[in-house]
Amino acid sequence: MNNAVLNSRVASDPVSYDDSDSPQLIKLRGVVKSYNDGALTVMDHLDLDMHAHERLVIIGPSGSGKSSLLRVMMGLEGIQEGTIDFLGTQYITGTRNKPQKLDPRLQRQIGMVFQHYTLFPHLSVLGNLMLAPTKVHGWTKAQATERATQLLARLGLESKLHAYPSQLSGGQKQRVAIARALMLEPKLMLFDEVTSALDPEMVVEVQNVMLKLAEQKMAMIIVTHDMHFARHIATRVVFCANGKIVEQGPPEQIFTNPKEARTREFLEKVVIFD
Amino acid sequence: MNVNFSIVLEYWPVLLRGLGMTVAITMTCALVGSLAGFILSLARTSGNRMLSYPASLYVEFFRGTPLLIQLFWVFFCFPIVLGLSVAPIVSVCIALILYMAAITCETFRGALKSISSDQYDACTALGLSAGVRVTYVIFPQALLRAIPPLLSNVISLFKESALISSVGIADLMFVGQNLSNSTARPIEFLTAVALIYFVVAFPLTRLVGWVERRMLRRFS
């Protein structure tokens, strides 16, 4: 396969990382999840391990439930069977798809960014960032303001502290959403198609923020349709179809030399080669 | 035809007193009715059928019957059924409050429903408790979104309140009708009354448009 475009991105890849001896972050065992009373299975006895500082990019056909793992980890949806450990502790167990109240000490170690920003429209940028720390985690206003100001400055949004979400561009909104998720210093960040709703010229500004986090060794699970970006940021690419992991490995291997016919077929459809 | 509007000026204080009564009753019933409507909307959207079914029945009944019959029923039948003598002004206020509660319930319910599931997801992802979620995220947004339709409800209540003249409350409509009968000048007085209703309601409808545009800017 001719992968000149993708190869050119890898040559300049500044964020490769060796995770050989970092601790285990997530352990999925036999996870089953389906929708519509089993009509659509999005996780079919899934096993998956992830270590700290890894950056997993999940790719696969639409409707294959790529986002489900993220939503389950965040406590937005439940699973039917199986167990998920997080930071060496049992975190989620299967209970008939019902979301369960997750251990808040573990849940707060995870930050999530959604496709549609989900900022609170009635609060300023600062208000969005400070809500959870001050109302749930007992931070003082001064503490929260200081951390928020630092974070926003790092993301190039220092002038937008008092702006409302409707006054921001899509790219700025998404960077604010990332800052909000980073407030509590999570150990794992989940990105659910965060650039899919953005205009092309705003995609890069958000991706640059994610690359910056990668340089700081933030563990991430990313669901994206952007194969260039996937290749650029991933330490491991996981290809899923029909609720199963078809193939996983380092991006070079998945994108240039996939072992499975199903993977190759998918990549040929979504990547434009020259 | 001999039309002379100067006669309206002679009776201006009487008309103003009538307007005062109309405004006082509208404001009282709008305020109490909206609060009742909000509580009703919580009952109607709650998962508990013991609450949501009676609330739905109440709303559908009051939205599905003419206000005039509600007014008459409260005015004539309430005292008989309850065996109490109720002052006419109290009767009409009760009727208008019951009506206002039913229509604002739907306003608040719509506002609560218009908050997308994304907002709830974001709350969960940030680890917000149910109390923090309702107090700081859901309720403020529902209230902001409800303001334009609430104002519209108040405007229609202001106009519908003319019906209370039919049971002898001395509101603007009642006063206007009396004056046009006693002076035999219906054209002058009924026109003046219509203009007075319009002069009060028009700025309010403009206000609704202005608030709506501001809300759209905030929430788009």
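In the predicted model, four strands of chain A form an open sheet in the order β2-β1-β4-β5, and the pairing is antiparallel. Strands β2 (40–51) and β5 (89–93) of chain A stand at the edges with a single partner strand each, so one side of each is left without a neighbour in the sheet. From one strand to the next, the twist averages 20°. Within this sheet, strand β1 (residues 24–35) of chain A is joined to β2(A) over 8 bridges in the antiparallel sense, and A:K33 has A:M43 in β2(A) as its bridge partner. Helix α2 (residues 66–73) of chain A packs on the sheet, where it touches β1, β2, β4 (81–86) and β5 of chain A, and the direction of this helix makes about 115° with that of β1(A).

A further open sheet in chain A is formed by 6 strands in the order β6-β7-β8-β3-β9-β10, with mixed pairing. Its edge strands are β6 (110–113) and β10 (244–249) of chain A, each of which pairs on one side only, and the twist here averages 20° from one strand to the next. Strands β7 (residues 188–192) and β8 (residues 219–223) of chain A run parallel and are joined by 5 bridges, with A:L190 standing opposite A:I221 in β8(A). Helix α6 (residues 170–182) of chain A lies across β6 and β7 of chain A and runs at about 170° to β6(A).

In chain B, a nonpolar patch on the surface is formed by B:W73, B:V81, B:L82 and B:L84, which together have about 440 Å² of accessible area. Of these residues, B:W73 is found in helix α4 (residues 67–82) of chain B, and B:W73 is partly exposed, with a relative accessible area of 44%.

Note on methods
Residues are numbered from 1 along each chain as its sequence is written. Chains are lettered from A and ligands numbered from 1 in the order in which they are written. This is a predicted model: local features need pLDDT of at least 70, side-chain atom pairs count only at pLDDT 80 or more; totals for chains, interfaces and linings use all residues. Side-chain values use heavy atoms; hydrogens and water are left out. Patches are made of residues with over 30% relative accessible area and no salt bridge: like charges are joined within 9 Å, nonpolar side chains (Val, Leu, Ile, Met, Phe, Trp, Tyr) within 5 Å. Accessible areas come from the Shrake-Rupley method with a 1.4 Å probe; for residues, only the protein chains shown count as cover. A salt bridge is a side-chain nitrogen of Lys or Arg within 4 Å of a carboxyl oxygen of Asp or Glu. Helices (H or I, at least four residues) and strands (E, at least two) are DSSP runs, numbered from the N terminus. Buried means under 20% relative accessible area, exposed over 50%, partly exposed in between (1.4 Å probe, protein chains only). Two strands pair if DSSP finds at least two bridges between them. Axes are lines fitted to C-alpha atoms, for helices over the stretch in contact, and angles run from 0 to 180 degrees between N-to-C directions. Contact means heavy atoms within 4.5 Å.
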